[in-house]
Amino acid sequence: MSAPLQTASRIRELNDLFRTCFIGGRVLITEGIVALGDSFTSGCVEAVQRFTDFSADNDPYGEHDFGCVTVDGRKVFWKIDLYDPGLVKIALNGSFC
């Protein structure tokens, strides 16, 4: 396996672990989601954890870092970003910028 594919595979593995179990990171929820109430917020969290509909259209790098779910008839977009341990630099395709 080439280095970029190994990197994408590792990022995908970490993102899937975080998305499904919230292991290895922090969950941030926007004020707009929270304003719609606890039930809606919980529904969003559960929908993101269950999300598996990755395709070339929504996951071109194979990193499982973005998606869209529908909760109570509302589209909700989610995103996972990988940061260094100090939360200073964001990683793009496995390299910190």
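**Group meeting: a buried arginine and a nonpolar core**

Okay, let's start with Arg-19, which is buried, at a relative accessible area of 4%. Keep in mind that this is a predicted model.

Arg-19 sits in helix H1, which runs over residues 3-21. So what does the side chain do for polar partners? One is Asp-16: the two side chains make a polar contact of 2.8 Å. Then there's Phe-51, whose backbone oxygen is 2.7 Å from a polar atom of the Arg-19 side chain. If you skip the neighbours within four places in sequence, the contacts of Arg-19 are Val-48, Gln-49, Phe-51, Phe-54, His-64, Trp-78 and Ile-80.

The largest nonpolar core has 13 residues, and the ones touching the most other members are Phe-40, Cys-44, Val-69, Val-71, Val-76 and Trp-78. Which elements give two or more residues to this core? Those are H3, strand E1 (66-71) and strand E2 (74-79). H3 gives the most, with four residues.

Now zoom in on Val-71. Not counting residues up to four places away in sequence, Val-71 touches Phe-40, Gly-43, Cys-44 and Ala-47.

Last one: Glu-46, in helix H3, residues 38-50. Glu-46 counts as partly exposed because its relative accessibility is 43%, and that class lies between the 20% and 50% cut-offs. From Glu-46 to Val-71 you have 25 residues in sequence, and 9.6 Å in space, C-alpha to C-alpha.

Methods:
Residues are numbered from 1 along each chain as its sequence is written. This is a predicted model: local features need pLDDT of at least 70, side-chain atom pairs count only at pLDDT 80 or more; totals for chains, interfaces and linings use all residues. Side-chain values use heavy atoms; hydrogens and water are left out. Buried means under 20% relative accessible area, exposed over 50%, partly exposed in between (1.4 Å probe, protein chains only). A polar contact is a pair of N or O atoms within 3.5 Å; within protein, one must be able to donate a hydrogen and the other to accept it, and residues adjacent in sequence count only if both atoms are side-chain atoms. Contact means heavy atoms within 4.5 Å. A nonpolar core is a set of buried Ala, Val, Leu, Ile, Met, Phe, Trp, Tyr and Cys residues joined through side-chain atoms within 4.5 Å.
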